[in-house]
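Thanks for coming, everyone. Let me put the model on the screen, and then we walk through it.

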Amino acid sequence: MNPLLHRAFDAGEFRREGHKLIDLLADYLNDSMAAAPMPVLPPSEPEAMAAFWKNELKKEGFNLQEFYKTIIDQSIHIHHPRYMGHQVVPPSPVAALTELIEALLNNGMAVYEMGPASSAIERAVTDWLARQIGMPETAEGILTSGGSAGNLTGLLAARQAMCSYNVWKEGHLDGAPLALMVSEEAHYSVARAAHIMGWGEKGVVKIPVNSRMQVDTSRLGETLAKARADGLNVIALAGNACSTSTGTYDPLDIMADFAEENGLWFHIDGAHGGAAAMTDKYSHLTRGIERADSVVIDFHKMMLTPALTTAVLFKNGKHASETFAQKAEYLLGSGISKPWYDSAGRALECTKKMMGVKVFALIKLFGEQVFRDYITTTYDLGQEFAELITGTAGFELAVPPDGNIVCFRFVPENFTGDLNELTAAIRRKILEEAGFYIVQTQVSSDTYLRVSLMNPLTTAGELKLLLETVRSTANRIINR
Ligand SMILES: Cc1ncc(COP(=O)(O)O)c(C=O)c1O
C-alpha cells in the first residue's frame, strides 16, 4: 500500500494514540469534575482564535497529543460544576467512548445494509423512549441530528398528514396558506421549520403567553379564530416542554384537548424537557405529552449523550414512515410507506451517525434509572437555586422555574441606572473572569442572567458562590 495511506490506516498507531488520549481525557475529566481551578470558558476572541488556527495549519510539524491538549485548553468545560450555560449535557464518559465505535465503524445507515445493528438498535431505543414517556403501542420514532432537525421532521409530518392535497408532490397550491400555532416563547427552530416549508411569517401564528411564559390557554380560541378569519389554514399546534429561555412548560394537556377539538396536529418540542415524563417527581410537568402526534426529545440535552442525538416520536407509527414519502400519500390512498429499517426513507439525513448505539449502552449499563436520577437531580437543583434567589436580598427571579433553567437578576438597593445594561455588564465581567459560565436572556423586555443547571455535580455551595460573585461584580461595576 502507498506508505502514507498505510500510516493513515495503521491500527498500531490508533492503539497507541488511543490509550494516550483516553488517559488524557480521564485526567481532564477528574480535574474538571472536581472543579479544579481552571477557566470554565477560557477567554478568547474569535479573530485571534481564527488567526491562531490558520497559523497552526501552516506550521511545520505536528504532535497529535499536543493538539488534543490545545483543543481541551481552548474549549468550554461542560463537565465543570461551574458550567451553567446553555442546554448541553456533560455526557456520560461511557457514552462518549461508545461514540468511538460509532465513528470507527461508520456504518452510514440510510439503508439497512449500511447499518444492520445500528438500524435495529435505533428501532429499539425509539420504541423504548416512546413507552417511557407513555405514548401508546402504535407509537414509533426515528433518530435525527438535533432538535432543530427534529422539529422540522415533526412539522413536515404534520403537513403531510393534515394538508388536504398532496403538498409533497404538487407544492403549495392556491387557497388558504398553511400555518401553525405556537407560543411566543418557542425555540426559533419551530418558526424556522415553518419558513423552510415556505409558509413565511404569516405561517407562524404566535400564541400569547402568561406571566410564567407559558402558552395562555385562555387565548387559544381567539388566536385560532383570528388566524382563520385572516384566511390561514392552521393545521398544527406546537407546545413547549419546556421553553428554552425560561424553561417553563406549556399546559400540554389543555393544548392536547384544544388540538383534538379543532382538528389540529399536536407537536411537542420536548428537546430539553420532554424526558421529564420518565420521572416520578417531575412528570406532572409533561402531562399530555403522550397525546401528542409528534414529540421531539434531545438525548444530548437531558439524557446524557454527546451531541447530536435526537428522537422524533410519532403517536401513529405510520407518520414516521410517511414524512418524507415522496410518493406515499396515505391520505390519497397510495400508501407506499417506507420500511423502518431503511432510515433514509424516514429521516432528513441520508448518511447518518449510528446514534442509537450510545443510548443503548447507557440504558443497559446503568438502567433507565440513570435518566430519572439525572433529570430529578438537576431539576431539584433548579428548585434549590430558586429558593436561594428568593431568600437572598437584592435578587429576583424572572419566573419561578419548573426545572433546571433559572433566570434571575440582581437589583442593587437604590439603583437608578439601567438595570438591563447592568445585568449584561455583570455577565460580561463574569465571563472575562471565567470562574463561571452563565448566559443571559430577555424575559418580556428585561434582561436576566440565565443558568441551565446541566451538571449534577454542581452543588448548593457553588450556587451560593455564584450569587456572591454576581453581587460583588455588580458592586465593582457600579463603583467603578
Ligand atoms: C426547546 C428547544 N427546542 C429545540 C432546540 C434545538 O435543538 P438542537 O440544538 O439540538 O438543534 C433547543 C436548543 O436549545 C431547544 O431549547
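Ground rules. This is a predicted model, where local features need pLDDT of at least 70, side-chain atom pairs count only at pLDDT 80 or more, and totals for chains, interfaces and linings use all residues. Numbering starts from 1 along each chain as its sequence is written, and side-chain values use heavy atoms, with hydrogens and water left out.

Some terms. Helices are DSSP runs of H or I with at least four residues, strands are E runs of at least two, and both are numbered from the N terminus. Two strands pair if DSSP finds at least two bridges between them.

For angles, axes are lines fitted to C-alpha atoms, for helices over the stretch in contact, and values run from 0 to 180 degrees between N-to-C directions.

Now look at strand 6, residues 294-298. How many of its residues are buried? Five of five. Buried means under 20% relative accessible area, exposed means over 50%, and partly exposed is in between, using a 1.4 Å probe and protein chains only. Ser-294, Val-296 and Asp-298 point one way, Val-295 and Ile-297 the other.

What are its partners? Strand 5 (residues 265-269) pairs with strand 6 in the parallel sense over three bridges. There, Ile-268 has Val-295 as bridge partner. Strand 7 (residues 310-314) pairs with strand 6 in the antiparallel sense, over five bridges. Asp-298 stands opposite Thr-310 in that pairing. Elsewhere in the sheet, strand 2 and strand 4 are parallel, with five bridges. Ala-179 faces Val-234 of strand 4.

Next, helix 9, residues 188-196. Ser-189, Val-190, Ala-193 and Ala-194 are buried. Contact here means heavy atoms within 4.5 Å. Just past the helix, Gly-198 takes a positive phi of about 85°.

Four strands, open, order 8-9-11-10, antiparallel pairing. Strand 8 (395-397) and strand 10 (439-443) are at the edges with a single partner strand each, so one side of each has no neighbour in the sheet. Strand 10 and strand 11 (residues 446-452) run antiparallel, joined by five bridges. Val-439 has Arg-450 as its bridge partner in strand 11. Helix 16 (residues 419-433) packs on this sheet, touching strand 9 (405-410), strand 10 and strand 11, and its direction makes about 30° with that of strand 11. Helix 17 (residues 460-478) lies across strand 8, strand 9 and strand 11, at about 35° to strand 9.

Now the largest pocket. Its volume is about 1,400 Å³. It has 36 lining residues, with Leu-21, Ile-22, Leu-25, Tyr-68 and Leu-100 nearest its centre. Which helix gives the most to the lining? Helix 2, with 10 residues. On method: a pocket is an open set of points on a 1 Å grid over the protein atoms alone, where a 1.4 Å probe fits, with protein on both sides within 12 Å along at least five of seven lines; lining residues have an atom within 4 Å of a point. Points are joined across faces, edges and corners, and the volume is the space filled by probe spheres set on them.

Last, the backbone. Most residues other than glycine have a negative phi, and most peptide bonds are trans. Ala-241 to Cys-242 is cis, with omega near 5°. Ala-307 to Leu-308 is cis too, with omega about -10°. Met-213 has a positive phi near 65°, and at 7% relative accessibility Met-213 counts as buried. Ala-434 also has a positive phi, about 65°, and is buried at 4%. Ala-434 sits in the loop between helix 16 and strand 10.
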